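Welcome! Below is a short tour of one protein model, shown here with its sequence.

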Amino acid sequence: MTRKMKSTDEEGLEDKETLLPQTYGDHTSVPRPRRSTLWPVSLFLPPSGRRRVSLRKLLAIVIGVVLAYKLLLSIWPVVLFQADELATIPEDLATTSDSEEPAPTATPADQEEPSPPPPPPQKPRVPKKKQTANNSDLSVPPHYTDLRQQIYSLPQHNYSLPFPEGANGRYVKFSSQVRELGWNNVLNDVLMNAHLAYRSNRAYVFMDHEWLMRHYPWPPEVAHEDPPLTPMAALMSGPAVGGEWPKGTKSQAQNALEDGSTPPPPPRAVSSTWFDLVCPPHKRRILNTSDVKPWQRWDLQARSGREVFDIWQLLLTDRASLDNVTNPIPTTGLGSDATIDDSTPLPNGQPKGEEDEYEDEGNDNCLEIVSGSREEDMFPQVFDLWLWGTPRILDLWEEFKTSPISTGLGASPIVERCVQRNMHLFSRHLRVDDQSPSLDPEDLDAIQRRQALATVEQDPLERALAVHVRRGDYKEACLELANWNSTFYSWNQLPFLPDRFTPPPYPGGHVSGQNSEENVKIYLEHCLPDDEAIVRKVEASRRDWEIEMGYLPRDFNPDSQDGTTNHYLETLFLLTNERDPVWLGQLQSQFSSNGGGWKNVVISSLEIVYDDAQEKSVGLAVDMDLARRAAVFIGNGVSTVFACSAH
């Protein structure tokens, strides 16, 4: 039987229970007081207040303290996070503590006290859904583990390579590059920057494509990053994303050799991850676009594209010219009157160690071009919108089109496999119920279809016409461009293209950014044509091309035909972001066999099939590559899609 006793030998501690002796088998327990929950305090009591403990007990105490310390470390970030979350709760939603109850409000005696209002509805947190190992779930963005490993393993990512690659190579990173804009705006900038790096005998540093969220194929709540990122090598292939140079590419430094020796090949593009390793922040030379572009310097907005390019190339190749416009050592955050000494922290906040020496002032191997202030320059790129949106860009075309950056440009493996999977869409009109045409020698129609099928299966897009029909958010974009009286964009302004557009002059007394209704109407005819205008343009383009290629006689008159004309171009490919089946059905009916004579109409937004999330993420590049391969492509002159596809 157990008898409980109260212990009060230590003032301020909890009451303790002492058990009288009990017998367990052959052993009799020794009466001992039960420990307080504050037992670790006894370690800090004076010797007179402590009992002697055995080594085993002392070891148990030490282990307990260590475990308690680890537990505290594990929960402390959660406590901080919850405290931070509570700090952001609006005052009207914050709950009061028990000690600070709100004062009651008076209510009439004959009226019941109102019940408290219900809590405001909380927006549920959407759980992050994980992608499958093979990216088969199209509802969430893909991962690019294998592709990123391939990029990491590029052969040029090697310290031991000889100059101009390796540890002592010459690199340029365009941190001023377009970000979070349409893919084709980015592509234009990437290709011209890479061409400038090539002409300057520097390795171009390629980065991930940063999406503008409204262009991303997935909603924000399932995105892995903000902004979402896609490896540039998922969207394209070629020297601009680390691919090998086309055969026969010569170094741009060959004229500098005086001993007659063969110069090394031009340095290959490297990833931003490799650049961070071979060119850590304290080794970089920083060139700000605001040090070059304003009228106080070279006034680049008043110069031709050729002059703009040559000025930047001079800065990337001539050390003395670079010295005139930039500090050789970055001093961001140090102040304009800062001096560099052994105690100066590096730009990344780390103190300079013995092995992390600053480069001498003449070293410009690691060059980074950064953006100027948006207040000073709305478009702080090296080649900005003020250049791409005017005819000044055109005198760079002849050089750019023959650059290995351009000739080596191609579809990425992800884009290519999606293109090949959907090729059957462009020859389906030659099959009946997925069966090959009849082999009956008397069936002339089957013979013709069999011959056409053999030709088309070699290149299904050889007899296709592609047309870009952008809708969705494009109406607002067109109105904005119209109010600014913008021209066609980029290479869409080339004089040898069949369509030209000179915006009408601003009305007298106009306000910048506000055009007249008459001018806006003219502009929208080119930027946002209606259905009838699209049909007229498609039929006229097919007729002109078939006459030019000899498939129709020169005196062909469509008005005298009865609709039985055998056209060479039989498939119409509509590149569109519109998904309204009603509108698309109405447009398609105007191109059907009993209307415009098209035997096959393929609509990208409704019919292109993606096998995995990686293919879905590059859907625009898939559409562009299909359009590029078509016999005829009708684009939108103010759109970057046409400029890049035509290029």
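## How to read the model

Helices (H or I, at least four residues) and strands (E, at least two) are DSSP runs, numbered from the N terminus. This is a predicted model, in which local features need pLDDT of at least 70 and side-chain atom pairs count only at pLDDT 80 or more, while totals for chains, interfaces and linings use all residues. Residues are numbered from 1 along each chain as its sequence is written, and side-chain values use heavy atoms, with hydrogens and water left out.

## Ser-605

Let's start with Ser-605, found in helix α17 (residues 604-607). Ser-605 has a relative accessible area of 12% and is therefore buried (under 20%; exposed is over 50% and partly exposed in between, with a 1.4 Å probe and protein chains only). Contact means heavy atoms within 4.5 Å. Setting aside neighbours within four places in sequence, Ser-605 contacts Thr-576, Glu-578, Arg-579 and Leu-584.

## The nonpolar cores

A nonpolar core is a set of buried Ala, Val, Leu, Ile, Met, Phe, Trp, Tyr and Cys residues joined through side-chain atoms within 4.5 Å. The largest one has 77 residues, and Trp-312 is among those with the most contacts inside it. Helix α3 (residues 183-199) gives this core its largest share, 10 residues. A second, separate core of 20 residues includes Val-469 and Ile-534.

## Thr-289

Thr-289 sits in the loop between β10 (285-288) and α6 (305-317). With a relative accessible area of 1%, Thr-289 is buried. Beyond neighbours within four places in sequence, its contacts include Trp-312, Ile-369 and Pro-380. Thr-289 and Asp-377 are 88 residues apart in sequence, and their C-alpha atoms are 9.1 Å apart in space.
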